[in-house]
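Subject: Structure handover

Hello,

Please find the structure below, followed by notes on what was found in it.

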Amino acid sequence: MRSKGLSILLVTLGVLLLGAAAIVFVVRQAQDKQRTAEIPSLIEKTEAALPERSAGVIENRADSAMAAVEIDGIDVIGLLELPGRGIKLPVSAEWDSSEQSFRPARFMGSVYDGTLIVGGRSEDGNFDFIDRLDAGEELTFTDMTGRVFRYTVRKICHADNARAETLADSESALTLFVKTKGAFLIVRCAVAQ
């Protein structure tokens, strides 16, 4: 009799855990859809917050901190653009490894000294384009002071991790990365000539 009662208890507990997992999955899917739907508005607000644009120059400076402007509760440091593809994405100031954090976001580095590393998600409206990039494509990053930094894709590679030592590259002024199919796709960019 005890084993039958224990079995019923364990089955009931299992069903409850499966139900809870399904609810968490549905909630996360809804949050992802909402986040994707909000990006066009965030892009528009980011562009409106940008002052007159001027050419940016990578240089050694004592302070390479990047200015951020709060837009809809997100500290935005700039706008990443792929002009040839018509893609624009605001970039958040701080990386947060949680699933619900805003992407794309600055993982580390600064646009001013040529060490900026930006991570994104492979979902629609984010870095879903990254696996279709080609060497030589142009990108721009406009900081929130209006300085425009121009880059070209120089190399695309894969890695099994996204640790700082894997992503940092002295030959790249801008690095983009995203996790796709269990590995990390890394796009290394040089300053456009």
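In which strand is the place of V178? V178 sits in strand β9, residues 174-180. Before the details, two remarks on provenance. The model is predicted, with local features needing pLDDT of at least 70 and side-chain atom pairs counting only at pLDDT 80 or more, while totals for chains, interfaces and linings use all residues. Residues are numbered from 1 along each chain as its sequence is written, and side-chain values use heavy atoms, with hydrogens and water left out.

Overall fold

The protein has two helices and 10 strands; these are DSSP runs numbered from the N terminus, helices being H or I of at least four residues and strands E of at least two. Their order along the sequence is α-β-β-β-β-β-β-β-β-α-β-β. The protein is more spread out than a compact globule, because its radius of gyration is 21 Å, well over the 16 Å that the globule rule gives for 193 residues. That radius is taken over C-alpha atoms, and the rule is 2.2 Å times the number of residues to the power 0.38. Along the principal axes, the C-alpha atoms fill a box of roughly 80 × 35 × 35 Å.

Of the 193 residues, 38% count as buried (buried is under 20% relative accessible area, exposed over 50%, partly exposed in between, with a 1.4 Å probe and protein chains only). Among contacts with a separation of 6 or more, 59% are between residues 24 or more positions apart; a contact means heavy atoms within 4.5 Å. The accessible surface comes to about 10900 Å², and carbon and sulfur atoms hold 55% of that surface (Shrake-Rupley method, 1.4 Å probe; for residues, only the protein chains shown count as cover).

Individual residues

Back to V178: this residue counts as buried, at 1% relative accessibility. Leaving out residues up to four places away in sequence, V178 touches G120, R121, S122, F127, I130, A183, F184 and L185. V178 and E123 are 55 residues apart along the chain, and their C-alpha atoms are separated by 9.9 Å.

E137 is in the loop between β6 (116-120) and β7 (138-143). Its relative accessibility is 16%, so E137 counts as buried. A polar atom of the E137 side chain lies 2.8 Å from the backbone nitrogen of D134. Apart from neighbours within four places in sequence, E137 is in contact with R85, R132, Y151, T152 and V153.

A67 belongs to the loop between β1 (54-55) and β2 (69-71). At 36% relative accessibility, A67 counts as partly exposed. Its contacts, neighbours within four places in sequence aside, are V76, I77, Y112, M144 and T145. A67 and D143 are 76 residues apart in sequence, with a C-alpha to C-alpha distance of 7.5 Å.

Positive phi

Most residues other than glycine have a negative phi. D72 is not a glycine, yet has a positive phi of about 50°. D72 lies in the loop between β2 and β3 (74-82) and counts as exposed at 51% relative accessibility. K181, also not a glycine, has a positive phi of about 50°. K181 is located in the loop between β9 and β10 (183-191), and K181 is exposed, with a relative accessible area of 84%.

Regards

Note on methods: Polar contact = N/O pair within 3.5 Å; in protein donor to acceptor, adjacent residues only side chain to side chain.
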